Amino acid sequence: MIPAPDLNLSVLLPIILVAIGSMTILMGEVLLSRADTVLGREVTESFIGTVLAGTAIFFFALTLWASGVAFAGGGVQVFNPDNPMYQLDPFSSFVTAVLALSALLSCALSITYLSELRINHGEYYALIMLSASGMMLMVAAVDLIAVFLGLELMSIPIYVLAGFDRRKLRSNESALKYFLIGSFASAILLYGMALLYGVSGGTSFEALRAGFDADNPMALVGLGLVVVGFAFKISMVPFHQWTPDVYEGAPSAVTAYMSVTVKVAAFATLIRLLAMAFGPLEASLETIFWVLSALTIVVGNIMAIIQENVKRMLAYSSIAHAGYLMIGLVTGTIEGYSAMIFYLIAYTFMNLGAFGVVVALANRGNDCERIASFAGLARTRPGLAAVMALFMLSLAGIPGTAGFMGKFKIFMAAVNSGDIWLLIIGVLMSVVSVYYYLRIPVLMYMREPEDESHRTEIASGEGAVLVVCALAVLALGLFPNRVPTLLFGDLDVLDWANRSVGMFFGG
Amino acid sequence: MTESLIFFALAAFILLGAVRVVASRDLVHAVLWLAVVLVLTAVMFLMLGAPFLAGVQLLLYTGGVITLMLFGVMLTRRHHEIGVEVDSSRRLPGALGALALFGAMACAIFRTDLPAWPSSAPVSALEIGRAFLTDHLIAFEVLSILLLAAMIGAIVLGRQSDFGDEPETVYRKGGRP
């Protein structure tokens, strides 16, 4: 008889909710397709898709609520005290809430886009939920095994989602490319984990910390390989080549989802890994991060200038933003980490918004991709043009927007830990980025419309997402420490970011 | 002494097989070489005192994965005419890069004084099963979700119905379109 372990199932609530949601959707699709007599109406594919999207949104909202409650409660709870692989703490519940919110918004954004492409299948939402459950596992993992499983559970559904529009060659290419490079990255990550296990004799972060010795060459190689594995996921230069092709080929709604959530999950996991398993960064590793960060900022911004395709331009811009985020890793201070978390939230809203506009302009599955096709949009679609201009200003980091506040916090952290050169590179490249970001508002407001066949009306889901993102970008930029909401009073996002990473520094 | 001799012989054959997998022009040959690599890896597991893992490796990979891959290759029409293009102009730089990486990592590993972990007795299937349901319960459960995700993904990518040109499917009585 095996003694039953002392398990704490309630800790798993966010993941369980999301996983149950995905299975509900799978079952629901089968049941709904036979429900025409019960419902007393014709059951069409897009009707089923819309109902299932609603289900996904409902479960993500539940997850958001559950992790919000856990965050408010504070404290650290582990799933299994004998072998804590998964840990619910302020950091994991906060990041889980951010992930749930962005997945919710992505689902709302996808409905009409997918219906127009006639691929509004339930599997889409099921895959989104499965990958979200992987991310939530990964950000709460305190064991290398759980990190790896979470990473795979996050990635495999996204490989499929990238190729979800199977009739388009480029979508297939995107899926295959992402799959090959992703599996390669996973193998490198796994090799690094094996070396770390060999050095420390355990896979838990605690054992790694006890056994990690920075003078040990094998430990450094292991840590390096793990960082390279993550570098592929967050598209850090020089591991970024897949990003533009994958972002361009995947359906825009999928690109919106993966450009935001994968980055949040991978960066959060990296923060936890570095803070919990390796303690304060060693000088040698800090130098490597410094070089990678500078390279990523420079290459991302320079390459973005010459793009003529909006999705490719946003892909390079997301690389550049990964570079800014890495400044937080270089500092390794509580200030740097909390700035990263705040930046990730800001990035979530502005990037999701920018891709949301691209999605809302897609006409019958023809993506509005050329930058030139934004010409005169202010004349034909004034509302969309206004929010797009706002997101571009925010991505460029103009004061008054969330993007500025995020960059300000990150640069402040760099100054306070003495990385003046990184600050100079960051600011210079932000100035460069203004050029390519502002091209779109200039085209929208100062050129005559071309003969472009944009969609002429906006779907309610898309509209809601764009409004939420635009308001969030403004609110986080103007008063980040007291975001006014009607329902919950003022929200202090800066304080939340501080509290979530505070636990790594004994706070 | 004999043990390390066997180890190096095994390792050499595994490496040789792995190179053949990526260098073969014929897909069937590549798959068969992969089978060699996987069987030898199972022997490696045996040497490390993990008979259960060795069995699983044989059953799952050689018995399952390789057979499926062979079926896949055979069922793909005219596979022998396709002839995989393996030569490329980047062969030399690629080989040099791989050698440099190998050298750096081998150097790092040899310069490390590895702690002497006590060599463990062969792990029984009973212990592995117990670990799955106690210490590694969460990994065990997540793996099942992962397999579900992979299965859904394979079905989505293999579906034919997206290619039709007819107007939107309307489900009537009994769920038949």
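Begin by selecting residues 169-200 of chain A in this predicted model. This is helix H7(A), which contains 32 residues and reaches 46 Å from its first C-alpha to its last. That span is close to the 46 Å expected at 1.5 Å a residue. An α-helix has 3.6 residues a turn, so residues three or four places apart point the same way.

Next, select Gly201(A). Just after H7(A), this residue takes a positive phi of about 75°.

Now display chain A and chain B together. How many residues does each chain give to the contact? Chain A supplies 53 residues, and chain B supplies 43 residues. The size of an interface is often given as the accessible area lost when the parts come together. Here the two chains bury about 4,300 Å² between them, with 69% of it on carbon and sulfur atoms.

Across the interface of chain B and chain A, 1 salt bridge is found. The interface also has 7 residue pairs in polar contact, with both residues at pLDDT 80 or more.

Finally, colour the side of chain B that touches chain A. Which elements of chain B give two or more residues to this side? They are helix H5 (91-110), helix H6 (125-133), helix H7 (137-158) and strand S1 (170-171). The largest share, 15 residues, comes from H7(B). By class, this side of chain B has 24 nonpolar, 10 polar and 9 charged residues.

Key. Residues numbered from 1 in each chain as written. Chains lettered and ligands numbered in written order. Predicted model: local features only at pLDDT ≥ 70, side-chain atom pairs only at ≥ 80, totals over all residues. Heavy atoms only, no water. Contact = heavy atoms within 4.5 Å. Buried area = accessible area lost by both parts, 1.4 Å probe. Salt bridge = Lys/Arg side-chain N within 4 Å of Asp/Glu carboxyl O. Polar contact = N/O pair within 3.5 Å; in protein donor to acceptor, adjacent residues only side chain to side chain. Helix = DSSP H or I, 4+ residues; strand = E, 2+ residues; numbered from the N terminus. Nonpolar A, V, L, I, M, F, W, Y, C, P; charged D, E, K, R; others polar. Expected span 1.5 Å × (residues − 1).
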